[in-house]
Amino acid sequence: VIGALRGKSGCLIGRDRSLIKDVEGDFTVIAGLGSKGFSRGQHYWVIATSAGRSHVKASFAVGLVAANRRPSTVFLGCEGPFQGLGYAYQGASGEISTTQNISKEYGVKFAAGDTLGVVLDCCQGTLSFIVNGTPQGIAFKNLNPKYSYYPAVGLHSKGLELWIQHLSYSEFKNQRMPLVNEVEEGAKIRYQFADGNWYEGTVMERRPESKWKVRFNDGDQGVLSLSILDPFQLIEADG
């Protein structure tokens, strides 16, 4: 376990049970990794959340910062030029953003009570997210290989409890690869779009870079990525 951060009674409690900060506004906290960040290899961690005693579906953000700085009033993804580089997935909107850049649509919304997975591939320079077990696709590409990256959580309000666990990327990949390997022309799939809805369709033909042309049941067509990091399921044929 990387660390347990609990926002009870308006306070954020660190791994050593010491008070980090009163939660009165938006700020970012480094997720208990100590002095070392990720700069090589492939990494996967899960953030389980709860509303705690407040029972409020508080929103928050998950992502990375490229500097191991203390919690501050600067929100994840909106850091200034002298405060570090951030990559954020915002639960309230489902949008992603980088430091001082305009947000763009990405995945489903999330809040307290949901479980977030984060996949950092330093080899490929990519960052991806998973919501309640469903991958949302690659959010960021071309991460600077000169930086070390630290898991981070952006908090909006008091009352949120969360637990962070660093898991095996290999296990995650091995769980998803059989699904990817079964994709072929004629396969029936279910694909989740950013609005949170699932749409069923038929795989028509293979395209480069793990992409496939898909015709949906409503008649729409599109070219979609169907990799281990994308939000799709296979529909089993009727026996």
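In this predicted model, R190 and E200 pair up through their side chains in a salt bridge, with N and O 3.2 Å apart; the term covers a side-chain nitrogen of Lys or Arg within 4 Å of a carboxyl oxygen of Asp or Glu. R190 belongs to strand β15 (residues 188–192) and E200 to strand β16 (residues 198–207), so the pair ties together parts that are ten residues apart in sequence. Strands here are DSSP runs of E with at least two residues, helices are runs of H or I with at least four residues, and both are numbered from the N terminus. R190 is partly exposed at 24% relative accessible area, and E200, at 35%, is partly exposed as well. The cut-offs are under 20% for buried and over 50% for exposed, with partly exposed in between (1.4 Å probe, protein chains only).

By this rule the count of salt bridges is two. E205 and R207 make a salt bridge too, their closest N and O atoms lying 3.5 Å apart. E205 has a relative accessible area of 32%, so it counts as partly exposed; R207 is likewise partly exposed, at 31%. As a rule, side chains of opposite charge can pair when their charged atoms come close.

Strands β15 and β16 also sit in an open sheet of five strands, in the order β18-β17-β16-β15-β19, with antiparallel pairing. Two strands count as paired if DSSP finds at least two bridges between them. The edges are β18 (221–225) and β19 (232–234), each with a single partner strand, so one side of each has no neighbour in the sheet. On average, neighbouring strands of this sheet are turned by 40° against each other, direction ignored; axes are lines fitted to C-alpha atoms (for helices, over the stretch in contact), and angles run from 0 to 180 degrees between N-to-C directions. Strand β17 (residues 211–216) is joined to β18 by five bridges, and the two run antiparallel. K213 has V223 of β18 as its bridge partner. The hairpin of β17 and β18 has four residues between the strands, and G219 there takes a positive phi near 100°.

Then there is R176, in helix α1 (residues 169–181). R176 is buried but has no salt bridge, and the nearest side chain of opposite charge, D230, is 7.1 Å away. For charge, Lys and Arg count as positive and Asp and Glu as negative, while His and the chain ends are not counted. A polar atom of the R176 side chain lies 3.0 Å from the backbone oxygen of I228. Setting aside neighbours within four places in sequence, R176 is in contact (heavy atoms within 4.5 Å) with P135, S227, I228, D230 and F232.

L116, in strand β10 (residues 115–121), is buried at 0% relative accessibility. Among the residues L116 touches, not counting those up to four places away in sequence, are W45, F60, V62, Y89 and I130. L116 and V62 are 54 residues apart in sequence, with their C-alpha atoms 8.0 Å apart in space.

Residues are numbered from 1 along each chain as its sequence is written, and side-chain values use heavy atoms, leaving out hydrogens and water. As the model is predicted, local features need pLDDT of at least 70 and side-chain atom pairs count only at pLDDT 80 or more, whereas totals for chains, interfaces and linings use all residues.

Technical notes
A polar contact is a pair of N or O atoms within 3.5 Å; within protein, one must be able to donate a hydrogen and the other to accept it, and residues adjacent in sequence count only if both atoms are side-chain atoms.
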